[in-house]
Amino acid sequence: MQLISFISLWIIPALIGFILIYSTWKKVPAYESFVDGGKEGIKIAFSIIPFLVGMLVAITVFRASGALDYTVDLMKPLLEKIGVPAEIVPLALIRPISGTAALGMMSDILSVHGPESYIGRLASVLQGSTDTTFYVLTVYFGAVGIKKMGDALKVGLLADLVGIIAAIVIVAWMF
């Protein structure tokens, strides 16, 4: 345990020191490169804002319109037959869209059902097994100007589906 504490305390300063020594050895102006990177980061952050606002509005409309509740009610009979709790569906549907909204839903699930419950464990595993596909595509592809993202969307959603199925199977098997 002492070794882990020592490593966790010194890994960041050692990495910074290594970068500074390496940049000096390669004769790269480290500070100027850092400042240039910061400038570029700020430009990217400002270019991402419209995409973020669009995603947040879409999520709010989807939830406030009742479309999410309608979708869950529509799927409930099938989910009961295969043993998947319907409370998990909103999390599975929102997770590819927004990590923050999904985290809020997971927090609600954990506060209602508890972290040690089947639903709580399933929500936790599902949160870690999927990604914010639409968010990533919208923000990052939009920031660099990529317009055609159809194949990336298909692969990302397929990966999310595999993550959801794997989460359900693994949690059912282990708990």
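Predicted model: local features only at pLDDT ≥ 70, side-chain atom pairs only at ≥ 80, totals over all residues.

Me: How much of the chain over residues 46–147 is helix, and how much is strand?

Reply: The stretch comes from UniProt, where an unreviewed entry lists residues 46–147 as "domain: Nucleoside transporter/FeoB GTPase Gate". Its end C-alpha atoms lie 19 Å apart. As for its make-up, the chain there is 78% helix and 0% strand.

Me: Where does UniProt place the feature "transmembrane region"?

Reply: In the model, residues 7–25 are 100% helix, with end C-alpha atoms 25 Å apart. Residues 45–66 are 91% helix, and there the end C-alpha atoms are 32 Å apart. The UniProt places are residues 7–25, 45–66 and 155–174.

Me: Is Ser 23 buried or exposed?

Reply: Let's find it first: Ser 23 lies in helix α1, which covers residues 2–25. Leaving aside neighbours within four places in sequence, Ser 23 is in contact with Val 28 and Ala 30. Because its relative accessibility is 9%, and the cut-off for that class is under 20%, Ser 23 counts as buried.

Me: And Lys 27: is that residue buried or exposed?

Reply: Lys 27 has its place in the loop between α1 and α2. Its phi is near 60°, a positive value in a residue other than glycine. The relative accessible area of Lys 27 is 75%, and the cut-off to pass is over 50%, so Lys 27 is exposed.

Me: At what angle do helix α6 and helix α8 pack?

Reply: Helix α6 spans residues 118–129 and helix α8 spans residues 150–174, with their axes 9 Å apart. α6 passes α8 in a right-handed crossing. The packing angle is about 145°.

Me: Which residues of α8 does α6 meet?

Reply: From the α6 side, the residues are Tyr 118, Arg 121, Leu 122, Val 125, Leu 126 and Ser 129. Sorted by class, the contact of α6 with α8 has 9 nonpolar, 2 polar and 1 charged residues. Their partners in α8 are Gly 163, Ile 164, Ala 167, Ile 168, Val 171 and Ala 172.

Me: Which element gives the most to the largest nonpolar core?

Reply: That core has 26 residues, and Ile 88, Leu 91, Ile 94, Ile 109, Leu 122, Ala 123 and Leu 126 have the most contacts inside it. The elements that give two or more residues are α2, α3, α4, α5, α6 and α8. With 5 residues, the element that gives the most is α5.

Me: Which residues does Leu 91 touch, not counting those up to four places away in sequence?

Reply: Leu 91 is one of the residues with the most contacts inside the largest nonpolar core. Its list of touching residues is Ala 102, Met 105, Met 106, Ile 109, Ala 123, Leu 126 and Gln 127.

Conventions
Residues numbered from 1 in each chain as written. Heavy atoms only, no water. Axes fitted to C-alpha atoms, helices over the stretch in contact; angles between N-to-C directions. Helix = DSSP H or I, 4+ residues; strand = E, 2+ residues; numbered from the N terminus. Left-handed = near helix turned anticlockwise from the far one by under 90°. Contact = heavy atoms within 4.5 Å. Nonpolar A, V, L, I, M, F, W, Y, C, P; charged D, E, K, R; others polar. Core = buried A, V, L, I, M, F, W, Y, C linked by side-chain atoms within 4.5 Å. Buried < 20%, exposed > 50% of the residue type's maximum accessible area, 1.4 Å probe, protein only. UniProt positions renumbered as here; feature names shortened; annotations may be inferred.
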